[in-house]
Protein chains: 2
Amino acid sequence: MTEDDAHRHEWVADCRLRAATDLFAHTWDPVVLAALRLGPRRRRELRAAIGGISDKVLTDSLHRLLAGGLVERHAHAEAPPRVDYALTGLGQSLVDGPMTALGRWVTEHGEELLEAQESSTAEGL
Amino acid sequence: MTEDDAHRHEWVADCRLRAATDLFAHTWDPVVLAALRLGPRRRRELRAAIGGISDKVLTDSLHRLLAGGLVERHAHAEAPPRVDYALTGLGQSLVDGPMTALGRWVTEHGEELLEAQESSTAEGL
DNA sequence: CGGAATCCTCTCCGATACTG
DNA sequence: CAGTATCGGAGAGGATTCCG
């Protein structure tokens with residue numbers, strides 16, 4: 001690893017960017033964040049709103065987002081257990097900034113993207 | 001799958017957003033795009049500029065980006081084979097828009113993100 | 001130099017079943 | 001309703017090797 005130090009300065013600048021892109025590495029994490037965009041949601045509401053996510057994967061995703069400081073967990077001590085999840089300030093800023101920008105890009109270039117992908121898969125077969 | 005159609009309208013709206021977040025799902029794809037940000041690069045230059053990427057992974061990444069219409073390949077018929085890769089208009093728009101927004105977010109909240117991640121891993125042990 | 005092929009490892013995703 | 005435990009499959013990433 002010592003010789004790699006010579007290269008390190010070349011990509012260390014992108015290290016923080018990597019930490020950010022990794023937030024999108026897990027398929028469902030952005031979807032969960034998007035589902036929390038409009039306010040706190042209970043576990044069950046998230047499952048229903050997202051649709052097609054398994055129980056375990058939702059748990060994994062929430063744990064990662066909690067560990068990343070993007071989501072907060074609030075457990076209410078009630079007879080029927082009630083727990084809801086909400087974006088932290090950090091998570092909200094991620095949604096309002098980059099994810100919104102990505103959403104705008106999709107509305108502008110989404111068609112173009114899908115066309116390019118389809119045309120190449122058509123050739124690829 | 002037929003009963004899922006009832007749920008489909010709930011998340012189909014996020015389908016395009018998913019197609020976009022998937023562009024960041026593969027670890028090295030954003031890095032390669034970032035490396036092409038300032039202009040066309042040869043395969044070897046990319047490997048050196050990125051640092052720490054294996055040959056196969058770079059090939060895979062380039063193939064995905066080519067298939068997605070984000071990158072173009074230009075092969076020059078010369079004695080020493082010369083091939084360079086460049087962003088397409090679509091790829092450039094992705095870099096200029098969402099990726100730049102993500103970069104801005106990182107400069108503003110990167111510290112906060114790393115702190116949150118470290119503090120939780122410290123607890124987690 | 002560009003790049004395809006092989007093999008290995010790791011972890012993400014999904015389904016199922018069980019506990020508080 | 002919230003959350004955990006386990007198992008299996010699929011795919012990404014990494015190292016190495018060989019071809020044009």
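Between chain A and chain B the count of salt bridges is zero, a salt bridge being a side-chain nitrogen of Lys or Arg within 4 Å of a carboxyl oxygen of Asp or Glu. This is a predicted model, in which local features need pLDDT of at least 70 and side-chain atom pairs count only at pLDDT 80 or more, while totals for chains, interfaces and linings use all residues. Residues are numbered from 1 along each chain as its sequence is written, and side-chain values use heavy atoms, with hydrogens and water left out.

The area buried between the two chains (accessible area lost on being put together, 1.4 Å probe, summed over both) is about 3,700 Å², and carbon and sulfur atoms give 70% of it. Of the area that chain A buries against chain B, A:Arg16, A:Leu90 and A:Trp105 supply 16%, more than any other three residues.

The contact, defined by heavy atoms within 4.5 Å, draws on both chains as follows.

| Chain | Residues in the contact |
|---|---|
| chain A | 40 residues |
| chain B | 39 residues |

On the side of chain A that touches chain B, α6(A) gives the most, with 17 residues; helices here are DSSP runs of H or I with at least four residues, and strands are runs of E with at least two. Chain A as a whole has six helices and three strands, which run α-α-α-β-α-α-β-β-α from the N terminus on. Of its 125 residues, 38% count as buried, that is, under 20% relative accessible area with a 1.4 Å probe, protein chains only.

Key
Chains lettered and ligands numbered in written order. Buried < 20%, exposed > 50% of the residue type's maximum accessible area, 1.4 Å probe, protein only.
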